[in-house]
Amino acid sequence: MMKILLCIAFVLAAVILLSVRILLKKDGKFSSQHISQSKTMRERGIHCAVSQDREAKQTAANKMDVKSL
């Protein structure tokens with residue numbers, strides 16, 4: 001029983017510590033975790049997997065000569 005209470009206390013402490021900035025800041029919110037929202041990733045030319053896949057398919061479709069099939 002003591003181990004369960006200790007685990008619950010650790011999880012509760014982790015949640016509180018992770019949300020301190022959100023709770024104390026006036027308009028606090030979590031920053032976006034999406035790759036395309038990151039300034040550093042955009043500077044490096046890195047997009048999300050879906051966007052990169054779409055771009056690769058469009059490039060491949062443009063290079064493909066349909067008449068030769």
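Predicted model: local features only at pLDDT ≥ 70, side-chain atom pairs only at ≥ 80, totals over all residues.

Helix 1 comprises 17 residues, and its first and last C-alpha atoms lie 24 Å apart, close to the 24 Å expected at 1.5 Å a residue. The protein chain has an average pLDDT of 82, with 91% of the residues scoring at least 70. Among its elements, helix 1 (residues 2-18) has the highest mean pLDDT, 93, whereas helix 2 (residues 20-24) has the lowest, 79.

How many of the 17 residues of helix 1 are buried? The count is zero, and the helix is thus hardly covered. Leu17 belongs to this helix. Leu17 counts as exposed because its relative accessibility is 65%, and the cut-off for exposed is over 50%.

Leu17 also contributes to a nonpolar surface patch of about 650 Å², together with Leu12, Ile16, Val20, Leu23 and Leu24. Helix 1 and helix 2 are the elements that give two or more residues to this patch.

The cysteines may be considered next. Is Cys48 buried or exposed? Cys48 is buried, because its relative accessible area of 14% falls under the 20% limit. Cys7, by contrast, counts as partly exposed, because its relative accessibility of 48% lies between the limits of 20% and 50%. A search of the whole structure for disulfides finds zero.

Conventions. Residues numbered from 1 in each chain as written. Heavy atoms only, no water. pLDDT = per-residue confidence, 0-100. Helix = DSSP H or I, 4+ residues; strand = E, 2+ residues; numbered from the N terminus. Disulfide = S-S within 2.5 Å. Buried < 20%, exposed > 50% of the residue type's maximum accessible area, 1.4 Å probe, protein only. Expected span 1.5 Å × (residues − 1). Patch = residues over 30% accessible without salt bridge, like charges linked within 9 Å, V, L, I, M, F, W, Y side chains within 5 Å. Areas by Shrake-Rupley, 256 points an atom, 1.4 Å probe, with all protein chains shown as cover. Salt bridge = Lys/Arg side-chain N within 4 Å of Asp/Glu carboxyl O.
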